[in-house]
Protein chains: 4
Amino acid sequence: MADAIVPVEEIKAHSSENDCWIVVDDVVWDITDFVPSHPGGTDIIYRHAGHDASLAYSSVHSPSLIAKTLGAEKRKGKIDSETATDLLKPPPTEEAQPKLAVGAKPPLTTLINSYDFEAVAEKTLTKKAYAFYSSAATNLVTRDANRSMFDRIWFRPRLLRNIRDIDTSTKILGQGVKLPFFVSPSAMARLAHPDGELALARGCEKFGVAQCISTNASFTMAEITASVQPDSIPFFFQLYVNKDRAASEALLKDAERNGIKGVWFTIDGPVQGKREGDERVKVESATFAKAAMSGATATNDTKGGGLGRTMGGYIDATFSWEDIAWLRKATKLPIVAKGVQTAEDAVLAMEHGLDGIVISNHGGRNLDTSPPSLLTLMEIRCHHPQVFQHLEVYVDCGIRRGTDIVKALCLGAKAVGMGRPFLYSLTYGQEGVEHFIDIMKDELETTMRLLGITDLSQVHPKFLNTCDIDHLIPKSLESSFPEIGPSQLRAKL
Amino acid sequence: MADAIVPVEEIKAHSSENDCWIVVDDVVWDITDFVPSHPGGTDIIYRHAGHDASLAYSSVHSPSLIAKTLGAEKRKGKIDSETATDLLKPPPTEEAQPKLAVGAKPPLTTLINSYDFEAVAEKTLTKKAYAFYSSAATNLVTRDANRSMFDRIWFRPRLLRNIRDIDTSTKILGQGVKLPFFVSPSAMARLAHPDGELALARGCEKFGVAQCISTNASFTMAEITASVQPDSIPFFFQLYVNKDRAASEALLKDAERNGIKGVWFTIDGPVQGKREGDERVKVESATFAKAAMSGATATNDTKGGGLGRTMGGYIDATFSWEDIAWLRKATKLPIVAKGVQTAEDAVLAMEHGLDGIVISNHGGRNLDTSPPSLLTLMEIRCHHPQVFQHLEVYVDCGIRRGTDIVKALCLGAKAVGMGRPFLYSLTYGQEGVEHFIDIMKDELETTMRLLGITDLSQVHPKFLNTCDIDHLIPKSLESSFPEIGPSQLRAKL
Amino acid sequence: MADAIVPVEEIKAHSSENDCWIVVDDVVWDITDFVPSHPGGTDIIYRHAGHDASLAYSSVHSPSLIAKTLGAEKRKGKIDSETATDLLKPPPTEEAQPKLAVGAKPPLTTLINSYDFEAVAEKTLTKKAYAFYSSAATNLVTRDANRSMFDRIWFRPRLLRNIRDIDTSTKILGQGVKLPFFVSPSAMARLAHPDGELALARGCEKFGVAQCISTNASFTMAEITASVQPDSIPFFFQLYVNKDRAASEALLKDAERNGIKGVWFTIDGPVQGKREGDERVKVESATFAKAAMSGATATNDTKGGGLGRTMGGYIDATFSWEDIAWLRKATKLPIVAKGVQTAEDAVLAMEHGLDGIVISNHGGRNLDTSPPSLLTLMEIRCHHPQVFQHLEVYVDCGIRRGTDIVKALCLGAKAVGMGRPFLYSLTYGQEGVEHFIDIMKDELETTMRLLGITDLSQVHPKFLNTCDIDHLIPKSLESSFPEIGPSQLRAKL
Amino acid sequence: MADAIVPVEEIKAHSSENDCWIVVDDVVWDITDFVPSHPGGTDIIYRHAGHDASLAYSSVHSPSLIAKTLGAEKRKGKIDSETATDLLKPPPTEEAQPKLAVGAKPPLTTLINSYDFEAVAEKTLTKKAYAFYSSAATNLVTRDANRSMFDRIWFRPRLLRNIRDIDTSTKILGQGVKLPFFVSPSAMARLAHPDGELALARGCEKFGVAQCISTNASFTMAEITASVQPDSIPFFFQLYVNKDRAASEALLKDAERNGIKGVWFTIDGPVQGKREGDERVKVESATFAKAAMSGATATNDTKGGGLGRTMGGYIDATFSWEDIAWLRKATKLPIVAKGVQTAEDAVLAMEHGLDGIVISNHGGRNLDTSPPSLLTLMEIRCHHPQVFQHLEVYVDCGIRRGTDIVKALCLGAKAVGMGRPFLYSLTYGQEGVEHFIDIMKDELETTMRLLGITDLSQVHPKFLNTCDIDHLIPKSLESSFPEIGPSQLRAKL
């Protein structure tokens, strides 16, 4: 059916919370009903109510997503782009700023480690995008410790071994991969590059690396999985359980249809953390909107609430261990809990029959001073080694070097995930992703050789000296503090 | 009775230590007898002897205080303000400087944490006021450790729990509050804002937060308690015991009359510490006075002695545990000892039947390298857990984040106090106080959710990994050093 | 036989990988067959194919080396230097840059410790040479800890002893030396000074210091050993075992012929580490070559690969403990394994009948976070003290002070090696080497006197307080982590 | 007898090592025989041979010293100062430079702690003098740890005690003092102020503080002790034992004659350390002399050797425990060993019947990484508490705050010494010394009050929490490393 041409004046008339139209790529959509469940928050949409939102939309979403999400009945027609666009332009905001200094990027070949990519990203992403990716909760203690904890483990290299031929392959949930690291799920890869998750997938395909797709990806699962040769690499799907369970069930069916090999549901983000770097950017652009900030509790407050924080609105904060039965019923795929931070929860995951866990603190983005992933890994290994027999343990957060990967594997991890580093490499598109993987592969192989191992079946804690951090692992999982009995104060007062 | 008009010449004639008049808001007062017991020291008054002291007076005191303190018999009359004011102006001093850069304050909505308020305060308060608030004893070791010690405790977040609904309410000395933190008593809030403690009270009222009023408050208890709806929030009163016990008894009666809910008497400030930041400001302005500085021993020396130090003159340095009987007799209110720093003194407080203790080192302002409050809390919990059954334990010093609050509560604190952060928020008046409380409330709730708890009955040490600082708690309260017997040297020499 | 004059055009015609001539000091060489085994990599040679390579050659090699290596049959004739040189000049590269600021060197007498030499070297060496010497693996953790670990041991000085006369002499593999430190083998000393290893030898001769010659030395063993009086000091020879064992055997025979006293074969460099400082310099000059970088795996990649990395091409990555039998057969000289990093490998060295080990992590240049040498020394001393009875233990890496030397000796080392410090002193030629040794000798003697010892038989751990780092030594060489049994996951998936 | 007038030409003729005259304050001296035993080295004298040395002399020595030292027979006459002075001026050197920025000194009243004095000294002393005072051995580890170790002990303040009246008096070797700190012996106080040790004594007299006079003092014992009222304060005398024992015996008799109360002989400086700050200044001025530097071994080398190092030439490096019998015989005064650094040596001091020990590492000036004094104090207290019964223990090095003093006393020290802080205060002459003592007294009293003690009999380790550094004290004084038996290597080689 041919679209009607919608006059500019009519579009502008639908610009309230109760009646909200926007224009994306010349198509007019009635988005009123959808706004409350928008993962990116309501604020960013109301700012474009009755206007053209194409620029803001395309910086985070694939072109096909809006039609898939809203359905044909919300399509109100098209605009006459020749004459109408300028009239529909929203007030300029920081988000619409052209990326800075793109031409100033150094040649890809001069980047030789993951930190180089981060440095380039800081200079070339928009302020908003870099703040969203790089920020973490409050004092940044956990974010920084995620990294630094790795350098407090000494290797114990065993020399004079034949280490000519190296095999770095392994399996994740039974799926063969050529390297023991994967792309951690991250929201909105389009903020880094227009090809977003598609470029990530293509880069991974070349090196046999697995990719986990975020619920909040810029592209649809179908688009991402179709961007590479069938079965060339395993894809997993990260799930935030929706307050509307039917929506989650639909996503899970979608995952199965698209050949996804496992579901990784996030447990450490029932609400999102206070990422101040992100919030400051948001606060700065707050003059453009009547309610620029919305906090974790969804009230219109003035406490800050950046891009990260507003994304959590649809997440079900009541989801608990009892609800795993629902999840099992909703999908036939293997299920992995992402965000385990204690040995106790690892045991619960095992007892609930999960297929894997990702030790993660969300890159230090949610609860500051939550334990660095390496400590949690050691805690589980010390106190509940049986967990490793019953499910696969992955580690995420702070991995920046081949040495980090090998240390996590020696302590029992099956594979490790990287989030931010992949996003930073994506600023160069697919080519950047490939260069980054190649660097990490080289570091991994060099580490294995110099440590005296040639394949991943040989990893073992005996290759590590963890003495500098052993004291950080609780001797017992029971609290060492004595209990305090019931207070006798009330009687007295 | 109508005031007489006092001629300028007569006022100027009363300008010696033995005969000292000052003018405040056009009223002439004979202040000779009062000066020695002035909490702010004698020096600041003699500097204005025979002159108009309105500006210096109003920067720290409420208009009503002087009449209440001196009584009608010291009122000598009024001046003819039209013609006389200029002639009575004291020599200009640093204190009289207009506040700097007030117009440069960033919009309140751009402040998103307690550190932001501190940064603004540093830029906009007078040099003297900021020095008084921010300074601490000598090397600042305790001041800094108060904060940093919190970040050395890792959380142990338990996930997959229903954390949708959060309840942050608790009780302090049986009084209901909506949040487990309170305003610690701080002297002279008027240095931050003309509304001083009144604005603090009004901000607290909105959020159900308790306030403890300092002996050295800018406003009287009656003014502060009357500034909010009756019984809307609990007020407590901080007491420095006066050498003149009758004066303290009068204050305690005043407290009861004004509906105060408890007396918090300070035990860690029998003399005041050497706050060098404060002293340097004082030294700089010393050229205006013949004896600009007076040390802890009240001699006219040249060792420094800032605003903080000179305030201690009236405090009774002989007050000891035996004197608590007097205190019990002087008031029917619950009694809390503020400044406990060892498990032994916590036990003594319990044995003397006190109703609560505040673990505090005065913000690191008195004895440098006194233990960070968090360590004292852990020490009591480890060695004398029964204390928590017999009295309420509060923690003060170093609290800057919602995570800090939860950690203190998990270790057994009933509530925590904040002093400097409230004063810094006060630079924006009542609105600043409200914004600050709102921020702390949001951080607290987010921390609780991400930790897996929904009300304050669930706090427990099992949510903490204190391994990084456990070794700082003495294994035994007996010294681990062997005793050394009597010296045999004297016989020999 | 008189050389033919080779025309410029003919030389230029041989400039491909399959047919590669170069000119060195007016002589034309066919280097096609040799290139693949060039220790410095193929890239640097192909960059000069068909051109004059004299400048690049002489910056790292002695004039005689090329004839000795290639043999007469590869000598194609001479050029007419008067007319031809300019035409054969290669494109200018960073390597060809004149050394910077040579005239700006401070007078030698103003340098008073090893750090002073490093500071001068950083300013006066070519960027490439300084990067090659100073760089280390990835995050530089091991390089920095090598040094800093020494300062975490306190001395326990015993006073009131007669310490007037000091004897610093000892023996290394039975060879008398006057000082307990030696020149560690380092590649290409000519990068620091044209006299390279010859100046090192002459400086050592004056003070009775031993020198270990690198496989990759700028001069031949014959040239170096002939530069001093016969038997004036002991020389040792460092061996990288070649994939072509015959080549290694020839080197070993050469060593015996030249009066070498022991073979130190390197075990910690089967592949070379990722030295990013070095790689960045290489990457910068990559525009001059089609394949500027070659990684550890010898593919033409773009992952970086500096001077250090390209040198490892000929090293046998299959060499293992079983092959020591071959080594014993190939030489009658005492054999020392250089690069031991665990107590277990020290025991293996003992069990394989080696005569000594060098505890070394290659200056932190290979595997980052490999253990600082001091920790490995302590680990062996704690867990396998019998090793010290059966072989000599030397320590290399991080020695910068006389105090460092004494600490290593107190813990059981027979002598210590220094690499970079000698190279940095070499920037002043022989005179610099002598001044540097004199400084270290003075520091050593002063340390001995102030510690209360007068000769090296008195060294003992009782002179050290290692409490600050004792916890870094594993309590047991068995891993403290529980084993994890076989995974039961596969059956389930 | 009237002096002859010596012509300029004749003076200039005596300018060689074998025949060396100098002029001091218009008097001509033959100094040839004395030069080799000059505590300040030979170099500084030869630089003035045949010239007027008054300026250099007076910057470190009292006017009377030269006559006392050389005797009348070395006095050759006087010069005609009117005409001759200019002709005899030595070449200008750094030492002769006028003190910098003296006028820029801040008013004394603005200095409020010991660090302030150091900051002023750094700016106003000559480069040479500040380098001599402030420098310490090599990496400065011990110098800095001396200070920082104190801040790693937490107090355990006991509150609610009557602390109105404070008594800070104690006894040192039976001599009453009003404060438990003393002036540590330091060489050449005239570098700081012309009144040197006289001003120190007068300042001490006012506050009842003891002073220990250095062997290398600028003034004679007689001059210093006569500068105050008889018996107003106790003086002690620090002794470096001379190779020429008769010289030391003469000094000891001199001490008794001048009412000295005890002899503190230095045991930690048999040779002097490598103080690089000091040496760099010396190296810079080396162009003025043929042999500008002389090292610890007294050869003319080029390894550096600053003012500190050259002073050690006359010290007897053979002096050992056996020689204490000589010392006992040489004086009736109490004897204290200064420089004890281990519990073992403390026991030896006790067993040799000494009356006291000073725990000291010479301000970190001799052997770097020798243990901070606080650790040595704790080591003795832990392992040999009986020492404290048999002799008095003093602590020197790193004391900068009243809190430091109280900590040392709580651990068993009878009193503490300060060296550099007194010298820095001396830049303001006697007034500066008094102001400094007053500051330290105030800090001490404030600390005692806030800790809950009122006199020095109450100090006890229970007031300290040493948990942060307890692990630095060896568990046993026996080495924890296993012995290694005799080497079996020699037989094999």
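Helices (H or I, at least four residues) and strands (E, at least two) are DSSP runs, numbered from the N terminus. With that in hand, welcome to the tour.

## The model and its confidence

This is a predicted model, in which local features need pLDDT of at least 70 and side-chain atom pairs count only at pLDDT 80 or more, while totals for chains, interfaces and linings use all residues. Residues are numbered from 1 along each chain as its sequence is written, and chains are lettered from A and ligands numbered from 1 in the order in which they are written.

The scores for the model are ipTM 0.89 and pTM 0.91. A stretch to treat with care is 286–302 of chain A, where the pLDDT is below 50. Beyond near neighbours in sequence, that stretch still has 39 contacts in the model; two residues are in contact if their C-beta atoms, placed from the backbone, lie within 7 Å.

## Chain A as a whole

Chain A contains 21 helices and 16 strands. Of its 493 residues, 58% are buried, meaning that 20 or more other C-beta atoms lie within 10 Å of the residue's own; 12 or fewer make a residue exposed, anything in between partly exposed, and C-beta atoms are placed from the backbone. Among contacts between residues at least 6 apart in sequence, 75% join residues at least 24 apart.

Domain bounds here come from an automatic or database domain assignment. For chain A this gives domain 1 (5–79) and domain 2 (108–472), with 32 Å between their centres, taken over C-alpha atoms.

An unreviewed UniProt entry places the feature "domain: Cytochrome b5 heme-binding" at residues 3–80 of chain A. UniProt positions follow the numbering used here, feature names are shortened, and annotations may be inferred rather than shown by experiment. Over residues 3–80 of chain A, the chain is 27% helix and 21% strand, and the end C-alpha atoms are 11 Å apart.

Chain A also has an open sheet of four strands in the order β1-β2-β3-β4, with antiparallel pairing. Its edge strands, β1 (15–16) and β4 (75–78), each pair on one side only. Two strands pair if DSSP finds at least two bridges between them; β2 (residues 19–24) and β3 (residues 27–30) of chain A are joined by four. Trp21(A) stands opposite Asp30(A) in β3(A).

## A buried leucine in chain B

Leu111(B) sits in the loop between α5 (81–88) and α6 (114–124) of chain B. Why does Leu111(B) count as buried? Because Leu111(B) has 26 C-beta neighbours inside 10 Å. Leaving aside neighbours within four places in sequence, Leu111(B) is in contact with Pro106(B), Asp116(B), Phe117(B), Val120(B) and His435(B). Leu111(B) and Ser425(B) are 314 residues apart in sequence but 9.8 Å apart in space, C-alpha to C-alpha.

## Where chain C meets its partners

The contact between chains A and C takes 47 residues from chain A and 51 residues from chain C. On the side of chain A that touches chain C, α20(A) supplies the largest share, 10 residues. That side divides into 19 nonpolar, 13 polar and 15 charged residues. Ala, Val, Leu, Ile, Met, Phe, Trp, Tyr, Cys and Pro count as nonpolar, Asp, Glu, Lys and Arg as charged, and the others, Gly among them, as polar.

Chain D has 51 residues in contact with 47 residues of chain C. Here α12(D) gives the most to the side of chain D that touches chain C, with four residues.

Terms used. pLDDT is the predictor's confidence in each residue, from 0 to 100.
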